[in-house]
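I jotted them down in the order I looked things up.

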Amino acid sequence: MLESTSGIVLHKLRYGDDGVIVDVYTRLRGTLSFVMRIPRGRRRGIPLLMMQPLNIVDLAYDYRVGHQLLRIRDVHQGMPYGSIPYDHVKGSLVLFLSDFLYHALRSEAQNEPLFDFVCSCLWRLDGCDGGLANFHIVMLVRMTKYLGICPNVGRKVKVGHAFDMQESELVEVGKGSAHCLTEEETSFLSKLLRVSMDNMHLLKLTREQRWRVLEMVEMYYRLHVPEFPRLKSLDVMKELFS
């Protein structure tokens, strides 16, 4: 069955001698995997340059129930980026986010609000002139709402209580799991959940605080998203925004 939809390229992996497997988060069916041939010589094919990390594309494909690898019939560039391909900082952010999103969304089914949220974040990143140090943190924290795993922390945290990341709830200090935050970290998380893309520039963090928050975000996803791994790309982000 031929279907058409928009998609966000998440990941690309070499397949055999002349092919690649591309994972795309689509608006219509969630994450799908496609096998593509690498054009050689004068042979025409789908240009792989279009399938770069977090590129937004419009594609047509043959959908077959039960098939893990599908074939793309046609693909066109969606709204093109104006600055991401030419900006070193934005490019590094995209590589980190593509790694993070690949693991967070690879089993995700259709979720149009989530798809629209990710697209809006990418377009905002492309249009930003600066103040990107907290962009990835704010995006990934806000994305928990669309994944149905938003931390259960209110605006006011009672004294003597802290957030247990494993149980995703507030507990009395000393009675949580091994993944319980401190009271200070819990208070900051409560504030972070209210930060938006519009006011993220007001969030002032030291180098150490930013690194700790990113570690907390990654651990929270590891606890609540099946098979979410420890990301090696975290070290890249540490270097970039230190």
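How do H1 and H2 lie relative to each other, roughly parallel or roughly antiparallel? I kept in mind that this is a predicted model. I looked up the angle first: H1 and H2 pack at about 170 degrees, and their axes are 11 Å apart. Angles over 145 degrees count as roughly antiparallel, and H1 and H2 are therefore roughly antiparallel to each other.

Next I listed who meets whom. From H1 come Lys90, Leu93, Val94, Leu101 and Leu105, which meet Leu114, Val118, Leu125, Asp126 and Gly127 in H2. Sorted by class, this contact of H1 with H2 has seven nonpolar, one polar and two charged residues.

Then I went to the largest nonpolar core, which has 59 residues. Phe96, Phe100, Val118, Phe135, Met139, Met143 and Tyr221 are the ones with the most contacts inside it. Strand S1 (2-15), H1 (88-105), H2 (112-127), H3, H4, H5 and helix H6 (233-240) each give two or more residues to this core. H1 gives the most, with nine residues.

Beyond its neighbours within four places in sequence, Tyr221 is in contact with Phe100, Ala104, Leu140, Met143, Thr144, Leu147, Ile149 and Phe228.

Last entry: H4 (183-192). I found Glu185, Thr186, Leu189, Ser190 and Leu192 to be its buried residues. They sit on the same side of H4, because they cover an arc of only 160 degrees around the axis. Their packing partners are helix H3 (135-147), strand S6 (161-164), strand S7 (169-172) and helix H5 (207-224).

Definitions and conventions: Residues numbered from 1 in each chain as written. Predicted model: local features only at pLDDT ≥ 70, side-chain atom pairs only at ≥ 80, totals over all residues. Heavy atoms only, no water. Buried < 20%, exposed > 50% of the residue type's maximum accessible area, 1.4 Å probe, protein only. Helix = DSSP H or I, 4+ residues; strand = E, 2+ residues; numbered from the N terminus. Arc of directions from axis to C-beta. Contact = heavy atoms within 4.5 Å. Core = buried A, V, L, I, M, F, W, Y, C linked by side-chain atoms within 4.5 Å. Axes fitted to C-alpha atoms, helices over the stretch in contact; angles between N-to-C directions. Parallel < 35°, antiparallel > 145°, perpendicular 65-115°, else oblique. Nonpolar A, V, L, I, M, F, W, Y, C, P; charged D, E, K, R; others polar.
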